[in-house]
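Hi,

Here is the model I said I would pass on.

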Amino acid sequence: MATSVQRATQLTLADLKGRVDPDWCPGCGDFGVLAAIQKALVELQIPNNNVVAISGIGCSSNLPGFINTYGMHTLHGRALAVATGLKLANHELTVLVTGGDGDGFGIGGNHFIHTMRRNVDLLYIVMDNQIYGLTTGQTSPTSRVGMKTKSMPFGNIEAPVNPISLALAAGATFVARGFSGDQKHLTELIKQGIVHKGFSFLDVFSPCVTYNHDNTYQWFRPRMKKLEDDSAYDASDWTMAMEKSLLWGEEIPIGKFFERTDVPALHAAEPVLNESPLVQQDPRVPSDVARGFIEELM
Amino acid sequence: MKQTFAVAIGGAAGQGVATPGDIFAKIFSRRGLSLNAYNAYQSIIRGGHTLLTIRTGPEPVTNMGDRIDLLIPLNQDTMDRHLKLLTSGAACIYNADTIKAGAAADGVQLCPLPVSELADITRNKVAQNTLAIGAGLHMMGIAFAALEEVLREQFKKKGDAVVAENVGVARAGYDYAAAHFTAFPNPLPKTEKRYAVLSGNIAMAMGGAAAGVKFYCAYPMSPSTGVLHWMATHARKAGIMVRQVEDEIGVINMTIGAAHAGVRSMCATSGGGFALMSEGLGMSAMIETPVVVIDCQRAGPSTGVPTKTEQGDLWQMLGAAFGDYPRLIAAPLDIADCFKLIPEMFNLVDRFQCPGLVLCDLLLSEGRLGVDPKDLDFSPVIDRGELILPLDGNGANGNDGSAAMATNGGYKRYKFTESGISPRAVPGVPGHIHTVATDEHMEDGVLISDEFTNPIKRRAMMEKRMRKVTGIEAAVPPSMLRGPRDAEVTLIGWGSTKGVIEEACEQLNDKGISANQLQIRWLVPLHGEAILDLLKGARHTIIVENNYSGQFARYLRSETSFVPDGNIRKYDGEPFMPHHIVEAVKEQLAGKTKLSVPVHEIMV
């Protein structure tokens, strides 16, 4: 880098504006999440050509199209698997995975669990609106019991998944919850999640103003209680985090539930990646190594 | 007829069938003999029945052949199942303490070994196996030194005492045979050739390494797991990131993710796993990120017969994922081709930015073949196509130090071109920021699936992708006819049946029925016109394939309207033997039937 011309161009919010404007419904919680991601990237000054936003399918999964970074708009539920492959092939990239609760906890549930236990170094932001939006309003894995939707018109009889407890149980090394209605707080959590070296899970309440009339901004706002405001709370204490994750009702905690930094990220645990990212490595097997492979068979 | 010799070793799983097999294979290949090994086994870890057939000879041996020259049953069950298959000139070596021979055909030599007299069976649990190897080698006319060398290598790690003990037991078997059994009339020759002995799975894994694969992942599934095992064992030496994934859906998506970052990326599975991958293949096609997926076919449908072979996945390949998109499908012709095909396939998928499917099967995946080491070329041409990697000319990251890379210089990931191929920049490259999408998109990647829906743009992008098909067709050579053009019968096969059909043709020619062969390697593109041209003058055409419905015959008809005079099909899980094809051809030429389904005589 010493010989190259340093052009200290600052990354600005304008640089991160996507080629098209978001087509979410007016008032959708996802606008707040997009804005917080853009703010976090500007505050961290990460070159936008080194950022990849990867999503599945759904309203919130349209996000990569609305931000000027590299992006992949993949298949329903598969963003984490795609992101894992991409990160392992070039671990110098900053990888953000964005999607919804149906995408992540329903169809993608299996990948969610395994990506956490692998501690892949990426930030996974779930815009959790407790409903299927793009398919026009069906029950999601986080819909509350009793909630009436087009697919369960007499009320949901299945218990919802608790994403925070699940993430803690699966071994996620950074677990947090944010609220789209609190930009400043959310931006801070996104920054922490990006900086964390390992799998960061950020569940964000992102109200669906069109199909979810139960979990609205008005419903969330008075319930949001920041963990940072509790001086007794210790985010390095897994048991405490698990207990807090079970709270749901008049008070719902947001903020960083848990973080540990003693587990190496997947790419750091594999010696093949020690010298450089895969994509920068010579694709040829050295001839003496190749000869050895053949001699084994003779 | 060429000189070959087949030894079959049978027993229960866990009884040690594999080790004598490996020892024979090493000894044969080090004598400069070609060999082919096929293991008929069951989906059971301990018990059941497994029969390993190793066929060898001075000229190329491509299949298991028709006869067993030497049978080594390690248990009564094997004796009972297979002694009756032996014909005059064959021999059977067995442990006389535990196994009773049944009725054998005239001219079959029964060779009972008094195992407890020759070895201390309380110390050496596999003494019967080692004695039989020693006895067998004497009968094949091979000097004891060859066996001693292999046993020393085999037991080196266990110390001198174990080596001496095993060499002693083998020697006792060798000497006992010299004194009591009649040697085979033609001793196994020696040649100056040298062979590497490997399975199709190892060949495909090594082919991947040679092609520059940097990322491989898989979920274990027979019969493809051997690819994962080789990759995992050799990953660190070869510089390959190898992962075992939670399911095949994860596998294909991870493979695509790695490929999207710019490395060659591969995965392997069998039919059931492939079914789970098909949505992912559509993504590879839509975002134009190339991957190579290997399907090692086994007998289906569903869980089917996991340890048995079939060519039953062709239509799954042809129809994998919804919608129309360019793809490549090739079936390797033999184990050496399993190696060679992978770098070829990668060059094509990199050039045309689409998925490439390798349609292998259990017969090749788990079979073993002696291959000329020169055919395992680790310096093949690597053509990455129009790829822009995050490197500058000096190999350093091209980042100029600025955080903002908003101006893209008009880069369009899906630029309309005459060839349909658009230069592919991967994430991390400055000045080429874009988002790829599985939704239909415009040249710059922006979706046209929602508010920008537009039939004209959709059509244009569809045609851009499909234009690549023309290039693909030109890049892949058509099949060739092997044998005299005016032959009485033309046998058409695809993939792994190459060797057995070749030998059937030789046998037919020996019997005065001239035969030629059209073996298909590239299924997509098929080159239907070229096939019709080759078959225009054919006198009697028969399609040979390892499935029930004639999947290739139906495909060929759908592409060319060609209907053969007859079909030979086998769907019992076991591969063809040359005489199956020869007898079927004879009955079809005699006008007895148009569809032959040979019966597999070996009960495995």
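Which residue is the bridge partner of His73(A) in S17(B)? That partner is Ala437(B). A quick word on conventions: the model is predicted, so to speak of local features we need pLDDT of at least 70, side-chain atom pairs count only at pLDDT 80 or more, and totals for chains, interfaces and linings use all residues. Residues are numbered from 1 along each chain as its sequence is written, while chains are lettered from A and ligands numbered from 1 in the order written.

Back to the strands (DSSP E runs of at least two residues; helices are H or I runs of at least four, both numbered from the N terminus). S2(A) and S17(B), residues 435–437, run parallel and are joined by three bridges.

The contact takes 64 residues from chain A and 67 from chain B, counting residues as in contact if their C-beta atoms, placed from the backbone, lie within 7 Å. On the chain A side, H2(A) gives the largest share, eight residues.

In chain B, six strands make an open, mixed sheet in the order S18-S20-S19-S22-S23-S24, where pairing needs at least two DSSP bridges. S18(B) and S24(B) are at the edges with a single partner strand each, so one side of each has no neighbour in the sheet.

Lastly, H5(A), residues 163–170: Pro163(A), Ile164(A), Ala167(A) and Leu168(A) are buried (20 or more other C-beta atoms within 10 Å of the residue's own, with C-beta atoms placed from the backbone). Gly171(A) follows H5(A), with a positive phi near 95°.

Cheers

Definitions and conventions. Buried ≥ 20, exposed ≤ 12 C-beta atoms within 10 Å, placed from the backbone. Contact = placed C-beta atoms within 7 Å.
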